[in-house]
Amino acid sequence: MKSFTLFNPKSLGDAVGALAAPTSSVKVLAGGQDLLTEMKEHLVEPDKLVNLKGVPGLDRIEFTAAGACTIGALVTVGALEEHAGVRERLRVLAEAAGSVGSPQIRSVGTVGGNLCQRPRCWYYRSEHAKCLKKGGDECFSFSGQNKYNAILGGGPSYIVHPSDLAPALVALGATVTLKCSTGERQVALERFFTLPGEGDIRRETVLRDDEVLTHVHVPAPAAGMQSTYVKFRERGSYDFALASVALALWRDGARVKEARVVLGGVAPIPWRAKAAEAALAGAAFEAATFARAADGAVQGAEGFGQNDYKIPLTKGLVQRALQSCG
Amino acid sequence: MRQDPNHDEENAERADLSRRLFLRNAGTVAAGSVLAQGLLGACASERASAAAAPAAPAKPDGAPEELAGEFEIVLDVNGEARKVKVEPRTTLLAALRERMEPAMTGTKHVCDRGNCGACTVHVDGKPAYACLLLAADLRGRKIKTIEGLGAPESLSPLQENFCAHDASMCGFCTPGFVMSITACLEKQPNADLATIQKACSGNVCRCGTYPHVFAAALATAKQAKKG
């Protein structure tokens with residue numbers, strides 16, 4: 001790891017102040033479970049880390065009386081998984097948190113860091129491959145080893161977004177607070193993530209270098225929500241998703257009133273499967289509907305060889321998620 | 001060499017360290033040395049106070065702190081205040097194994113990327129990968145390593161069961177497994193197999209001793225149940 005300066009602010013103001021006019025390359029450090037691996041591989045080599053851990057007030061989970069939830073960026077994934085209120089009221093989020101990494105990663109890794117983590121594509125992670133994400137000319141996955149790459153929303157880069165929390169939080173309609181030295185903005189999490197074709201190819205989010213993600217806000221779910229997170233991974237012990245489904249569902253007797261279906265592990269962003277949601281809205285809660293929703297979820301999906309399996313896999317996971325709400 | 005900003009200190013010191021590890025294994029540990037080394041780590045009697053060096057100056061509350069170069073910190077390791085000179089980039093793993101005097105080599109350096117679990121320690125009672133923690137960020141936290149669990153003459157119940165159930169082959173992953181299961185059993189003393197397996201999911205054993213590891217953990221949980 002290259003040498004760097006460790007800046008330990010004790011207030012959010014000092015933290016964003018240190019990002020305001022960077023005279024050298026600066027990165028924000030929270031749990032470090034992704035950033036330090038990137039630094040060890042020389043993928044990023046900041047001169048300075050702004051360490052958020054001494055900043056008060058970012059490590060709390062708070063519910064309002066009405067059921068809205070605010071999660072500080074420094075809340076660990078493990079604390080989220082174990083929080084009684086989250087388990088009871090936001091099941092999809094608790095399940096997603098429990099599926100992240102290993103116990104060691106969950107006890108240190110943070111919610112903010114999980115949302116801001118970089119891609120796991122092995123070309124990106126190899127310090128020897130100068131891929132599109134690192135200023136090169138080519139996404140090597142297209143003609144190379146693409147078993148783990150995107151079937152939806154790809155091009156010109158075919159990374160998949162690795163976060164488990166992101167699909168769950170998008171399904172819950174979450175927003176995030178992004179703070180800089182001159183103010184703050186609220187961004188719907190669904191718009192926080194950017195497709196490779198939409199913005200800076202080197203980034204996955206709209207977060208600027210002078211901003212810190214400080215909080216995640218989950219609105220109070222409408223009454224009667226059922227939700228679940230179904231994840232399929234290659235290795236049973238712990239792994240990133242080959243494909244995953246975050247489902248939030250509201251039923252009216254035997255019919256579906258409304259559903260939100262968000263896919264993980266298959267697209268460069270948490271992928272809102274709107275055709276699946278449309279197939280579910282107002283339809284009977286039964287196997288034939290689940291099959292139509294599954295078809296809708298992979299509408300437009302395209303494999304390019306080794307990742308073709310993700311299409312039937314995703315369809316199966318959508319049906320499994322719906323069945324589990326029966 | 002440590003002054004060179006581009007120098008990867010952990011990698012460069014590995015060759016030196018493996019010689020030290022080999023000599024210690026050969027010289028101080030009897031039959032079953034690798035297992036014993038894994039289970040016990042360094043002996044308490046080997047410890048001495050670190051050489052004095054100027055500590056990072058204390059800052060008034062609320063003032064930011066900027067750490068650069070090499071500086072001395074104090075870490076709470078197994079209930080002892082251990083002085084150690086680190087840089088901002090020094091991981092807890094490097095601080096324990098390469099910078100403390102005497103070195104604490106019970107925590108193993110394997111992947112150095114948070115994949116294998118060999119460097120598992122407890123921070124404030126929770127399992128964490130020492131290779132993915134900055135030492136300077138752990139001031140004021142309670143760190144427990146394999147050396148803090150038992151002594152050669154008084155193994156922890158789990159360590160006893162690792163011996164009884166032959167739960168080590170090469171032994172390099174053993175300290176990490178012991179730390180992960182210890183954290184699990186501290187939280188849930190009568191944990192069942194599924195809970196134990198989940199607690200070990202961040203630890204890899206390339207020899208494949210998993211069934212024996214689980215048997216040792218379950219035996220410890222059953223003993224806790226009996227009281």
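Predicted model: local features only at pLDDT ≥ 70, side-chain atom pairs only at ≥ 80, totals over all residues.

Residues are numbered from 1 along each chain as its sequence is written, chains are lettered from A and ligands numbered from 1 in the order in which they are written, and side-chain values use heavy atoms, with hydrogens and water left out.

Where the chains meet, 40 residues of chain B and 35 residues of chain A are in contact (heavy atoms within 4.5 Å). Together chain B and chain A bury about 3000 Å², of which 52% lies on carbon and sulfur atoms; buried area is the accessible area, taken with a 1.4 Å probe, that two parts lose on being put together, summed over both.

Six salt bridges cross this interface, a salt bridge being a side-chain nitrogen of Lys or Arg within 4 Å of a carboxyl oxygen of Asp or Glu. One of them joins Lys187(B) to Glu82(A), with 2.7 Å between the closest N and O atoms. On the side of chain B that touches chain A, at least two residues come from each of β1 (65-67), β5 (126-129), α6 (174-187) and α7 (193-199) of chain B, where helices (H or I, at least four residues) and strands (E, at least two) are DSSP runs numbered from the N terminus. The element that gives the most to this side is β5(B), with four residues.

The strands also pair across the chains, which requires that DSSP find at least two bridges between them: strand β1 (residues 5-8) of chain A runs antiparallel to β1(B), and three bridges join the two. Within this pairing, Asn8(A) has Glu65(B) as its bridge partner.

Within chain B, the domain assignment gives domain 1 (9-58 + 65-148) and domain 2 (157-226), the bounds coming from an automatic or database domain assignment. The contact between these domains takes 23 residues from domain 1 of chain B and 19 residues from domain 2 of chain B. About 1600 Å² is buried between the two domains, 67% of it on carbon and sulfur atoms. The count between them is one salt bridge, and the side chains of Glu186(B) and Lys144(B) meet in a salt bridge at 3.5 Å, N to O.
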